Amino acid sequence: MSSSSFRKSIFSGVALSALAISGIAYAQEADDADVIEVVEEAEEAESRQDKIVVTGSLLRRDEFSSSSPIQVITAEVATLEGLVDTAALLQGSSLAAGSTQLNNTFQNFVTNGGVGTQTIDLRGCGDTRTLVLLDGKRPGPSGTRGAVSALDLNIVPQSIISRIEILKDGASTIYGSDAVCGVVNIITRNTVDGFEINGSLTQPEDSGGEQYSVSAAYGFSLGDNADFTLSAEYRLSEELDVSDRDYLDCPQDLVRDPNTGDLLDRLNFSATASDPRVACSNLYHNTVIDAFSGQRLVPSPDGVTRPTVFGGTIPGYGPRRNGVDPNTGRNFYEDILDAPFLDNEDFFPRNENIALFATADVDLGDIAWDTELLYSRRETNVEGYRQFFPFVGSSQTPFGFLPQYGYISDPTYTNSMNSLVRPVLPYATFDNIIVDYFYGSTSLSGGFGDFLPDWSWKVDGTYSRGEGTYEGNEILASKSGDWGLDGVQDVTGDGIPDALAPPSIDLLDPFYLSGDGLAELAAAVGGVQKGSTEYEQTTLTAVVAGELFELPAGPIGLGLGAEFREFSIDDQPGALTQLGDIWGSSTAGPTVGTNTVYEVFAEVEVPIFKGQPFAEDVTFNGSVRAFDYDLGGSDSIYKVGLNWQINPILRARSSFGTSYRAPALFELFLDNQTGFQSQTAIDVCVDWGESTNQNIRTNCAAAGIPDNYTGAGSSALISTSGGGDSLESETGESFTAGIIYTPTFADLNIALDYYEIELNDQITTLSGAQIVGGCYGGTNFPNDFCNLLDRNSGTNPTSPFSITEVRASTLNVDSQQQRGLDLTVRYENEFNFGSVVFDANVNWALERYINVFGSDFNIGVNDLDFNGVIGFPSVVGDASVRLDRGDWTYTWFTNYVGRQDNNRNFANDLNEPSSYFGLQGLYKVHTEAEFRHGASIRWQGDTLSITGGIR
């Protein structure tokens with residue numbers, strides 16, 4: 001697929017404060033830094049209390065430092081870089097950029113949380129292994145469909161954020177499940193002085209994908225002991241169609257001549273081509289496959305009707321004649337791979353968000369009472385296209401009258417080609433998703449008075465509820481006229497396979513094949529269904545913390561806590577899904593279940609040395625946690641860390657700990673699913689002669705499958721299920737070691753941290769298509785994926801080479817290991833022309849081993865180090881330079897993602913000339929290293945702030 005390495009957009013923002021007494025009318029908990037590595041004492045803005053609590057710890061301390069590396073991103077970054085939502089702010093960080101992040105581009109895929117969900121995945125471990133907190137508390141996830149697991153960042157209005165603290169290693173001993181590869185703690189603003197209104201616009205250079213945001217906040221006090229804030233935000237992201245950008249609307253093979261560099265992509269000689277050199281591969285359609293001859297009828301480029309070898313015809317169509325152009329020596333195709341109606345397909349869907357947020361901070365004398373309430377509503381609307389490729393039966397065949405090729409309800413039915421055929425038609429789809437989210441938390445905290453003056457206590461209670469509905473159009477199996485499903489599925493549930501009626505329209509009519517009759521096709525074979533998902537979570541937490549006694553180097557700190565959490569899911573798929581009356585999909589029942597966990601935890605901090613040579617301050621930190629799930633097992637974990645201030649300019653830190661992730665509810669309670677999928681939907685060996693994947697060509701040929709195999713057999717049985725009480729919690733280990741350099745001659749901080757992460761017993765479920773693709777797409781064949789499917793031999797009398805069954809279950813089998821380096825640099829200085837701040841963050845991944853289905857499972861790839869492949873970049877970084885001069889702020893920022901290469905996934909070295917339809921060509925299986933730059937200017941007055949920029 002071609003892509004653009006540089007995108008431009010214009011963004012601007014206006015902030016107006018009507019009742020400000022002095023300065024901008026809000027107070028934030030963070031200082032005015034953009035991105036900082038936590039290496040020294042907090043600034044005055046952090047010290048509302050004598051001591052603070054840092055993310056990853058239960059204990060209050062005098063310094064904003066930790067034995068674990070922490071990165072802080074302030075809300076000001078979003079303003080200066082023109083980022084409208086929380087997901088963009090987090091997914092662009094150096095710990096996430098370049099890896100696969102769940103966002104609005106996944107509308108055509110089945111994803112955790114459903115369409116429109118946006119999550120954060122630190123270090124590429126998976127979003128279920130990154131814990132997201134809101135002010136140190138765990139809000140529950142929300143979304144649609146059964147696979148709801150990670151927090152949807154759409155619920156967090158950006159306008160309420162003060163700063164985000166990212167803990168770069170595991171913290172399950174403090175926070176429990178999911179804090180495996182890191183913790184994101186979103187800290188909200190707790191005071192607003194008067195009234196404030198903010199608005200922003202992000203306008204791309206070309207139309208499509210515009211983003212708008214407007215927010216308002218009001219803060220007030222009742223006496224000296226009660227502070228309240230009220231906030232509201234509206235956010236709209238307009239849809240971006242694939243045709244709106246030239247780097248999205250024309251996917252290509254991008255194979256080049258190794259000598260001249262000229263493009264070798266097959267020429268487009270199809271009937272709809274206006275320029276043979278424009279060969280876009282968007283959606284294969286407008287084709288009819290004769291199951292008996294294997295020939296494919298496509299619109300004839302010259303408009304002449306030509307029959308198949310058995311005499312079947314469609315007006316204006318003929319057997320495709322893909323081959324070599326004698327004039328250029330290049331390959332060509334006559335298949336239809338693109339059409340004007342596909343220009344309307346969404347790349348980004350329309351996403352609309354409304355959020356309300358309120359806080360109360362009440363001083364009850366010796367007790368503080370803090371409360372937060374959040375309501376969020378998201379609406380996502382998606383337009384797309386898919387293929388519809390049923391078998392159309394015919395009792396009249398090239399071999400005479402054969403009623404078995406008719407329909408059970410009409411054995412004499414005959415189609416216009418007098419043959420068993422499979423048309424490939426386009427089908428328009430839509431999805432409408434609405435998610436309402438409710439979250440409330442309340443906390444009581446205080447001390448023990450003169451009895452224990454150095455001790456404090458805190459009790460938290462949180463409740464969240466996500467209510468989602470998902471509506472979309474489907475192709476009904478009962479209306480599909482698919483001969484391959486006739487007498488196969490039991491939609492009525494009476495124990496007898498249902499007979500399907502023949503198609504109610506002529507599916508071989510060019511009107512439907514070409515996409516001209518999309519609406520009429522949907523009316524004939526389609527239906528609309530709506531499902532609903534509810535996810536509830538209740539958490540109660542109690543913590544006491546204080547100082548035990550004094551040592552020569554300082555007091556020993558101790559924190560003790562307990563937590564109870566109950567969480568439940570109730571996903572009710574649409575009626576068509578529960579009946580199994582959806583063509584090309586499986587029967588799915590409700591996903592309903594509840595799980596609870598009881599946990600106890602403790603943390604201790606012991607000062608070892610203070611004021612000694614080469615040991616100005618050495619502190620040991622240790623924490624433990626024990627957990628007991630109703631489903632998911634019971635165990636205990638630990639973590640130890642060391643902070644060593646060697647001298648005023650050097651500090652070393654290190655940590656080692658274990659962590660865990662309990663099974664998500666959908667992994668436990670996914671209802672057993674059985675369904676039938678067509679061979680074409682799952683089998684990569686169908687028509688493998690036209691595949692550009694060398695592994696598939698080699699392995700399908702080795703299996704003896706013909707290169708023009710049509711997949712004409714009956715549908716394959718796909719069996720999937722949740723793990724239930726057989727699933728155990730995933731386990732992990734993390735190690736970090738770092739050094740921080742803070743010279744006295746300059747306001748400079750440099751932190752370099754080494755990390756190792758190992759995850760075991762990962763929970764996984766693969767789809768039928770993934771299993772078949774893993775079998776035939778690997779460099780090793782056969783491999784263990786092949787043991788999960790059954791295929792007929794070529795001598796089978798009715799369905800030669802057809803896949804009969806694919807077995808996919810949820811198991812504790814995967815593992816991964818990774819290690820790398822994190823570098824953070826920050827420089828500040830006051831010059832006579834203004835204040836300059838430079839920030840840079842770089843992540844170097846050194847190794848990333850992924851074992852699918854365990855270390856003994858042969859996935860078809862010799863090298864399990866996925867470091868540097870697409871989705872797992874080796875180097876990612878970001879940097880910014882900021883100048884504050886009077887009322888003006890000037891900012892330049894950049895993000896870097898290193899080169900990513902999928903060459904390791906292929907048997908042949910595709911960085912060397914390889915076969916491309918009989919020619920030698922160089923494949924493009926990598927992405928180039930990429931810098932993305934931006935700049936902004938802000939003017940800030942007493943009650944008004946204006947920001948504008950380009951990126």
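**Exercise 1.** Determine the handedness of the disulfide between Cys775 and Cys786 in this predicted model, and locate both residues in the chain.

*Solution.* 
1. The torsion about the S-S bond of Cys775 and Cys786 is about 100°, so this disulfide is right-handed.
2. Cys775 belongs to helix H11 (residues 768-777), whereas Cys786 is found in the loop between H11 and strand S36 (789-791). The two cysteines are 11 residues apart, and the pair links distant parts of the chain.
3. Both Cys775 and Cys786 are buried.

**Exercise 2.** State which hand the disulfide of Cys250 and Cys280 adopts, and explain which parts of the chain this pair ties together.

*Solution.* 
1. A disulfide joins Cys250 to Cys280, with an S to S distance of 1.9 Å.
2. Its torsion about the S-S bond is about -95°, so the disulfide of Cys250 and Cys280 is left-handed.
3. Cys250 lies in the loop between strand S12 (240-241) and strand S13 (267-268), and Cys280 in the loop between S13 and strand S14 (287-290); the pair therefore ties together parts that are 30 residues apart in sequence.
4. Are these cysteines buried or exposed? Because the limit for a buried residue is under 20% relative accessible area, Cys250 at 12% is buried, and Cys280 at 8% is buried as well.

**Exercise 3.** Characterise the link between Cys125 and Cys181 by its sulfur separation, its hand and the burial of each residue.

*Solution.* 
1. The sulfur atoms of Cys125 and Cys181 are 2.1 Å apart, and the two residues form a disulfide.
2. The angle about the S-S bond is -90°, and the link of Cys125 and Cys181 is left-handed.
3. Cys125 sits in the loop between helix H2 (86-91) and strand S6 (131-134). Cys181 sits in the loop between helix H3 (172-175) and strand S8 (183-188). This pair links distant parts of the chain, 56 residues apart.
4. The relative accessible area is 2% for Cys125, which is buried, and 1% for Cys181, which is also buried.

**Exercise 4.** How many disulfides does the model contain, and what is the pairing of the bonded cysteines in sequence order?

*Solution.* 
1. Applying the cut-off of within 2.5 Å between cysteine sulfur atoms gives a count of 4 disulfides.
2. With the bonded cysteines of the protein numbered in sequence order, the pairing reads 1-2, 3-4, 5-6, 7-8.

Conventions. Residues are numbered from 1 along each chain as its sequence is written. This is a predicted model: local features need pLDDT of at least 70, side-chain atom pairs count only at pLDDT 80 or more; totals for chains, interfaces and linings use all residues. Side-chain values use heavy atoms; hydrogens and water are left out. Helices (H or I, at least four residues) and strands (E, at least two) are DSSP runs, numbered from the N terminus. Buried means under 20% relative accessible area, exposed over 50%, partly exposed in between (1.4 Å probe, protein chains only).
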